[in-house]
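Me: Hello! I would be glad of a friendly walk through this model, with a close look at a single part of it.

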Amino acid sequence: MTNYLEVRNLSKRFGDFSALGDISLDIAEGEFVCFLGPSGCGKTTLLRAIAGLDPQTSGTIRQKGRDVSGLPPAQRDFGIVFQSYALFPNLTVTDNVGYGLVSRRQARATIARRVDELLALVGLPDSGSKYPAQLSGGQQQRVALARALATSPGLLLLDEPLSALDARVRLRLRHEIKALQRTLGVTTIMVTHDQEEALTMADRIVVMNHGAIEQVGTPQEIYRQPATAFVADFVGSMNFLSGTLEAPERVKIGGRAFACPAQDGLAVGTAVRLSIRPEDVRVRDLPADIANRVAVDVAELDFVGAFCRATLKVQGDSDVALVADFSSNLIRDLGVAIGSRLDVALPPDRVRVYAA
């Protein structure tokens with residue numbers, strides 16, 4: 001795939017504070033990329049640097065082969081949607097959407113056709129005469145999206161566009177934005193702190209922390225093969241058990257040894273954290289010789305709708321606790337309740353190990 005955006009050695013400082021440190025990133029043409037991370041990690045700063053709204057301290061940005069590092073926002077090819085919508089309250093929906101086209105002195109008939117086309121595209125064909133105050137939050141965000149797309153930009157920037165909306169509207173718009181992006185094929189970058197949003201919408205996710213990139217990968221790679229303990233902990237739920245690497249393929253936790261994938265990058269004797277997702281803890285049909293089998297007591301059981309989240313205490317070592325997700329069928333079939341005693345297994349191929 002052709003690179004549409006190339007960011008090289010980008011840094012941003014505010015006085016003595018380093019908001020971004022030596023960021024390098026490639027984004028392919030037509031790709032939907034999410035910048036994901038906690039508040040203050042630098043994701044919005046990176047987006048604003050790409051837009052030229054808050055220029056970098058050092059480093060370069062190339063857009064479709066053109067160096068835009070020092071250009072003002074007006075000379076860069078992008079449309080942007082903010083969290084706050086930023087619609088003009090005194091203009092109708094039609095005038096809001098067509099604002100950028102008017103600024104470019106396009107013919108009135110051309111503008112009218114384009115606005116009608118975009119309002120139909122975002123599901124608001126009959127709202128052109130309304131004012132922003134007459135629209136719901138979800139409708140206002142659709143208008144903001146139509147306005148950002150009006151000039152047919154090569155790059156669409158979305159700065160937490162759904163975070164101000166209620167859960168049901170957010171879910172619906174999430175699918176609509178992704179479908180629209182696929183239809184138009186516009187290269188898109190979205191900033192979010194919502195891991196579910198990133199996992200469901202992105203072609204690739206850029207996980208950031210403290211002004212640096214922790215990992216770049218597909219949603220499946222980020223979830224199944226987190227490169228660092230931070231990514232493992234931030235994206236989804238994860239169990240962490242502290243121990244020592246006893247051999248390249250074995251971690252000792254308390255008085256127990258657990259098999260794990262070979263750890264070529266860690267020395268034997270290193271303090272480590274063994275991790276496993278709650279849904280990967282195996283309970284049914286355990287062969288007698290299965291690896292990492294442990295007897296546990298069910299200490300807590302929380303109903304979470306489609307499944308129950310169980311807190312498990314390892315028998316003989318009550319300081320070692322695990323969280324496991326059990327389906328409603330499993331709970332019923334095995335008669336699992338608080339106080340139940342079970343055997344569970346931690347499949348070695350689902351275990352990951354990180355330096356402590």
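What percentage of the 356 residues in the chain do buried residues make up?

Reply: Happy to. This is a predicted model, in which local features need a pLDDT of at least 70 and side-chain atom pairs count only at pLDDT 80 or more, while totals for chains, interfaces and linings use all residues. Residues are numbered from 1 along each chain as its sequence is written, and side-chain values use heavy atoms, leaving out hydrogens and water.

To your question: 47% of the 356 residues are buried, where buried means under 20% relative accessible area, exposed means over 50%, and partly exposed lies in between (1.4 Å probe, protein chains only). The chain has 10 helices and 19 strands; these are DSSP runs numbered from the N terminus, with helices being H or I of at least four residues and strands E of at least two. Along the principal axes, the C-alpha atoms fill a box of roughly 80 × 45 × 35 Å. Of the contacts between residues at least 6 apart in sequence, 65% join residues at least 24 apart, a contact being heavy atoms within 4.5 Å.

Now to helix 9. Phe230 and Phe234 both lie in this helix, which covers residues 229-234, and they sit 4 residues apart, about one turn of the helix. With a relative accessibility of 0%, Val231 counts as buried. Leaving aside residues up to four places away in sequence, Val231 touches Val207, Glu214, Gln215, Ile222 and Pro226. Met208 is 23 residues from Val231 in sequence, and their C-alpha atoms are 8.7 Å apart in space.

The two phenylalanines bring us to the rings. A search of the whole structure finds 2 aromatic pairs; rings of Phe, Tyr and Trp (its six-membered ring) pair if their centres lie within 6.5 Å, with planes under 30 degrees apart counting as stacked, over 60 as edge-to-face and the rest as tilted. One of them joins Phe88 and Tyr99, whose ring centres are 4.7 Å apart with planes at 45°, so this pair is tilted. It links distant parts of the chain, 11 residues apart: Phe88 is in the loop between strand 6 (79-81) and helix 2 (93-97), and Tyr99 is in helix 3 (residues 99-103). Phe88 is partly exposed at 30% relative accessible area, and Tyr99 is partly exposed at 41%. Phe230 and Phe234 form a stacked pair, 5.6 Å centre to centre with 10° between the planes. Phe230 is partly exposed, with a relative accessible area of 22%, whereas Phe234, at 18%, counts as buried.

After helix 1 comes Gly52, with a positive phi near 80°.

Other backbone angles deserve a look too. Most residues other than glycine have a negative phi. Arg105 is not a glycine, yet its phi is positive, about 60°. Arg105 is in the loop between helix 3 and helix 4 (108-121), and is exposed at 77% relative accessible area. Glu160 likewise has a positive phi, near 45°, in the loop between strand 7 (155-159) and helix 6 (167-184). Glu160 is buried, with a relative accessible area of 13%.

Last, the cysteines and charges. The structure holds 0 disulfides, a disulfide being a pair of cysteine sulfur atoms within 2.5 Å. For Cys34, the nearest cysteine sulfur is that of Cys41, 12 Å away. Cys34 is buried at 0% relative accessible area, and Cys308 is buried at 10%. The mean positions of the 39 positive and 40 negative charges are 5 Å apart. Here Lys and Arg count as positive and Asp and Glu as negative, with His and the chain ends not counted, and each charge is placed at NZ of Lys, CZ of Arg, CG of Asp or CD of Glu.
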